[in-house]
Amino acid sequence: MPPRPPELYRAPFPLYALQLHREAGLALVAGGGGAAKTGIRNGLHFLRLEWGGGALSASLLHAHDTETRATMTLALAGDLIAAGQDAACHILSFRLHQSAGGGEEEERAPGKAGGGGEKGLRRRKAPPPGSGSGGDTRKETSEVTVETLHCVQTDTSPDALQKAVSFSDDHSLLATGGVDGFLRVWEFPSMKKTLEFQAHNGEIEDIALSPDNKVVTVGRDFQCCVWQRDQLVTGLHWNENLPSIPDKAYRYQACRFGTVEDQAKALRLYTVQIPYKRERRPPPCYITKWDGHSFLPLLTRPCGNEVISCLSVSDTGTFLGLGTVTGSVAILVAFSLQRLYYVREAHGIVVTAVAFLPETPELLKNNEAALLSVAVDSRCRLHQLPCRRSFPVWLLLLLCAGLTVGAVLLLQLAFPGFL
């Protein structure tokens, strides 16, 4: 069993959203207590991730106050943030600055929307001895300036809640969905609405955009739909090859697109299905892998009896991350959907978001993958998957050569004059 994952950061409010800014080496965590007068704050915190003392640590750079609004969903496009707060989507711009009183730092500005940048963590001067550089949360000298650019209404239901937000690959489009079941697509960053139609009879749980701008939506109405603009391309049926599972025994919970390592043109879609009704002996949840172009099912596997709450795909498409309503976290290999890592009740309460660190040696060190998770318990935890031991090729060749020589000698003994 893996050791209990370290706590990277603890916020003064429940955490609901998590995003990683790969170019700047930042983690953005957000949440809050909402408009209720309970004394619980609402905010968006910017954390810098860096290695020191043999461990990854999180440093609070900036705490952005979101007033009476708790951020429930986040999406990033360079240095622009789409934050779902109540029934609106707030578009924020942020910029890093170096404080005049700080130590030596090499500042790296976040990449602009749609643009690239050098990936990895920023290098900084090593902290003095005794400053505590391993696995802690420290206040740094850098600052972040946050500016609100737009605020658009994205849900019109009485419950008023945006539940999903997603950017297109080129960051030219932003899709939102909420309790009213309407899919709204916006030009970005102007936030001019280009599409608005009812995609589901009920809440939209999640949204994913493909590289060719097809939109996949999952809703509480048991449907998972693929859209080209406002035209339905197809509805997905994960259980069509599982006749023992009735259509309305499960509903879709999450969807994500992912690439395929070493296959440039290949694309995969992953969906999570959870039981519609709670039972004393809960049935398993399922995860399905689809061809991302034809939307044909490729593989479906059960993924445990704990109800899945969130899904993430690593940058290379190699791993999947899962969080559960009971606080557990798992990492799966995307090819076979087999579980490689699992920590039961890592948080002890519902995991609201998971996100993979970029798969670079500078970030992973001696690990094959690393996953961040946030939960309602206000904590951000780090889950590391150590490199799996592989059989050396040279040793395999040596064994094959030895077996070949041994077989020849046995034949020579059994049949003199064989050689």
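Helices (H or I, at least four residues) and strands (E, at least two) are DSSP runs, numbered from the N terminus. This is a predicted model, in which local features need pLDDT of at least 70 and side-chain atom pairs count only at pLDDT 80 or more, while totals for chains, interfaces and linings use all residues. Residues are numbered from 1 along each chain as its sequence is written, and side-chain values use heavy atoms, with hydrogens and water left out.

**Exercise 1.** Locate His200 and determine whether it is buried or exposed.

*Solution.* Begin with the loop between strand 14 (192–198) and strand 15 (204–209), where His200 lies. Next, take its relative accessible area of 1%, which makes His200 buried (buried means under 20% relative accessible area, exposed over 50%, partly exposed in between, with a 1.4 Å probe and protein chains only). Finally, list its contacts (heavy atoms within 4.5 Å): beyond the neighbours within four places in sequence, they include Asp180, Thr217 and Asp221.

**Exercise 2.** Describe the salt bridge between Asp180 and Arg184.

*Solution.* A salt bridge is a side-chain nitrogen of Lys or Arg within 4 Å of a carboxyl oxygen of Asp or Glu. The N to O distance between the side chains of Asp180 and Arg184 is 3.0 Å. Asp180 counts as buried at 11% relative accessibility, and Arg184 counts as buried at 2%.

**Exercise 3.** Which parts of the chain does the pair Arg251 and Glu205 link?

*Solution.* The side chains of Arg251 and Glu205 meet in a salt bridge with an N to O distance of 3.8 Å. This pair links distant parts of the chain, with Arg251 in strand 19 (residues 250–260) and Glu205 in strand 15, 46 residues apart. Both Arg251 and Glu205 are buried.
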